[in-house]
Amino acid sequence: MTISFQRLRRELFATPLDGLISLVLIGVLLAAGSAFLKWMLFQAQWTVIQANSTLFALGRYPIDQQWRLWLLTTLLALATGTTWGLLRSGSTPRWPRNDLVAAVLLIALASAGTWALQLPFPIQLRWWLISAGLLVCRGVAGRFGSSLPLAVRRGAAVVWPVLYLVGMVLISGGLGLMPVPPSEWGGLLLTLLQSSFAILLCFPLGVLLALGRRSELPLLRWGSVVYIEFIRGAPLITLLFLGQNILGFLLPGGLAPDRVWRAAWVLTFFAAAYVAEAVRSGLAAVPSGQLEAARSLGLPLPQALIHVVLPQALRVALPATVGQFITLLQDTTLLSLIGLLDLLGTARTVMANPEFLGKSAEVYLILAVLFWCCCAALGLGSRALETRLNTLHTPVKA
Amino acid sequence: MVALPDQAGTVTPWWRNRRLIPWLVQAAIGLVVLVVIAFLVGNLVRNLTAAGLLLSWGWLDNPSGFDIAETFLPFNAGLPYWRALLAGLVNTIRVVIAGLVGATLLGTLVGTASFSSNGLLRRLARVYVEVIRNIPLLLQLVFWYFVVFLSLPNGEQAIQLPGIVLAKSGLFLGRPELVNGVWQAPLRFTVEFGALLTGLVVYTAAFIAEVVRGGVASVPMGQWEAARSLGFSKLQTLKRIVLPQALRVIVPGLNSQYISLAKNSSLAVACGYTDLYSVAETTLNQTGRAVEVVLLLLGAYLVIDLVISALMNGLNHLVQIKER
């Protein structure tokens, strides 16, 4: 990209007022930027992150069982690489520009990230191997994927639900592995577990609620309306509070789930109401003639919904739904307010340690960057999916 | 229900009757829901009886025994629980009203900045929205409180402007003066209130900016051009032509943002401000009255939401363009 003076002039100095605004803004930005850089390089003490990186990642997960999480991470990396390669198989060039950028980013993260955290060498080596494995799988699947039968390529998607179940067993134990109770899960692990669990379950629940709200059966319709409006009327923290304090009374003694799972279910039921509203807007965008046409062709109602209405509705509802998933990921920070050790909860325990008092700026900045990257990545993914699913070839709003 | 013979003289079996089936389905669902509710309520009553906490409201009159740092209504530890909860509610309403005003102002400013002819300003507005929306509110609140507001200087080093002093001990308005190293003024806001308000305003403004941007963008360019070619000035065009059309789109969007701001104010506990939720939590810890406290909380937030909705619906009614 070339910076032309004409363009600069048009953008920044079109009128005297614009010029004044630009000068003031440039001054403020320069001052703020240099002050921030000075703080980041000379004043901030990043040892608080380096010394606690395991705690931030896993919480108090028992050290002798951490190999299970390494195994899971490796499996996830291999599956990601293979899926990525299969999606790109048959494309020319073999590594499109976006893929190259992603690969370079991954290599940079694996080398610079582990160096910045000052991880011991064996751990660094593991991260390098895992990233290398991911890229090798990407390369192999991309090279040979197109010669595989279509059924195998489609079937590869089954890996993910299987991997999720394997992951749950690896994390929580059972089947011969030493059980690790949920109270010992923490940090990023807990945040990701809670959000992935809630995202996976709230979506089908939300679709059912949205269909219920548009149903012709009054009981179903009013039931869905009451549920959705009740949940949307209450702040999440009061519902989490309800889950922690009342669920124990609602179920027979001993049947109530652990505190971590209670929170996971509350998050799921909370997000379902919001997803339902997103899906409902998608359903409203599908002309009623579609359902009528499908029904008059002889499709039973469930099939007409699954094959005709929902595919169109969900495509319209996609951006709003992913928006809700992003909110859900952010909402997991509320778990720290009810005493669970998610990423933010762990951060608070670290900062309560006298050794790291007054280091909150560093910790919160890192958490903010982490959350920002996750949320922005979800948003980017949603936009990419939107373009891919846009079979009508209408322009997609950025 | 009587089965109807069809043309061939065969009888439609009851399980394919289009009028009967929906009712059977609903009856089945209703029965399941009723059984589940009965099961849950049964457990609730049994467990509460066993714990000696059966639903009652008499405890609201007992003295609370805890103090609230910052109240609008006079309050002390000797006053009953209902006064404590009321003080919390008033604190919530106070921060919500201030937040609504602040977020609307900042949001409108950022939203209009994204239409500026200045490229830098336009891009900064986008960056602001993208950065703020992708960071959890709770993280922003603890950042404002622990990193920004708690590191403010105290005493003589406090930030002093004419009539305003910002120190670690709070924001002082209306001729603040230093008495024995402590600032005093007729109007004082604590840093807890300041951090919560700043966090809520900055966060909600990013969403309101998007609402405003969407609203203004929904007015076709032709409307601007037509007005300008009729001789309207830029300001007149905005005021008489564009805004009335944009407001139709903006007001419903604002409604949902206002309601989320009210609900998000319940995160006050993270920066030490005693709002309704915070008082309720303390009350529950002291009395163990989980069901009553949660009911009160849910009811209070529902009423706040409904009030905001009602006001905004009234406003919506005003700004809708009446066709005949």
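Chain A contains 17 helices and zero strands, where helices (H or I, at least four residues) and strands (E, at least two) are DSSP runs numbered from the N terminus. The model is predicted, with local features requiring pLDDT of at least 70 and side-chain atom pairs counting only at pLDDT 80 or more, whereas totals for chains, interfaces and linings use all residues. Residues are numbered from 1 along each chain as its sequence is written, while chains are lettered from A and ligands numbered from 1 in the order in which they are written.

**Chain A overall.** The C-alpha trace of chain A spans about 70 × 65 × 55 Å along its principal axes. Of the 398 residues in chain A, 29% are buried; a residue is buried if 20 or more other C-beta atoms, placed from the backbone, lie within 10 Å of its own. Among contacts in chain A with a separation of 6 or more, 76% join residues 24 or more positions apart, a contact being two residues whose C-beta atoms, placed from the backbone, lie within 7 Å.

| Helix pair | Angle | Axis separation |
|---|---|---|
| Helix 2 (residues 81–113) and helix 5 (residues 191–217) of chain B | about 40° | 6 Å |
| Helix 12 and helix 13 (residues 259–285) of chain A | about 135° | 9 Å |

Axes are lines fitted to C-alpha atoms, for helices over the stretch in contact, and angles run from 0 to 180 degrees between N-to-C directions. Helix 12 of chain A is therefore oblique to helix 13 of chain A; angles under 35 degrees count as roughly parallel, over 145 as roughly antiparallel, 65 to 115 as roughly perpendicular and the rest as oblique. Residues in this contact include A:L236, A:L239 and A:G243 of helix 12 of chain A, and A:R259, A:W265 and A:F270 of helix 13 of chain A. By class, the contact of helix 12 with helix 13 of chain A has eight nonpolar, two polar and two charged residues. Here Ala, Val, Leu, Ile, Met, Phe, Trp, Tyr, Cys and Pro count as nonpolar, Asp, Glu, Lys and Arg as charged, and the others, Gly among them, as polar.

In chain B, helix 2 and helix 5 are likewise oblique to each other. The residues of their contact divide into 14 nonpolar, eight polar and one charged.

**Contact between the chains.** Chain A contributes 38 residues to the contact and chain B contributes 42 residues. On the side of chain A that touches chain B, the largest share, nine residues, comes from helix 17 of chain A. The residues of that side comprise 28 nonpolar, eight polar and two charged. A:I246 lies in helix 12 of chain A and is buried, with 20 other C-beta atoms within 10 Å. Leaving aside neighbours within four places in sequence, A:I246 is in contact with B:A290, B:V291 and B:V294.

**Nonpolar cores.** A nonpolar core is a set of buried Ala, Val, Leu, Ile, Met, Phe, Trp, Tyr and Cys residues joined through C-beta atoms within 7 Å. The largest has 133 residues, and those with the most contacts inside it are B:L141, B:V142, B:L196 and B:C271. Helix 5 of chain B gives the most to this core, with 16 residues. Not counting residues up to four places away in sequence, B:L141 touches B:A195, B:L196, B:G199, B:L267, B:A270 and B:C271. A second, separate core of six residues includes B:V165, B:A167, B:L171 and B:F172.

Definitions and conventions. Buried ≥ 20, exposed ≤ 12 C-beta atoms within 10 Å, placed from the backbone.
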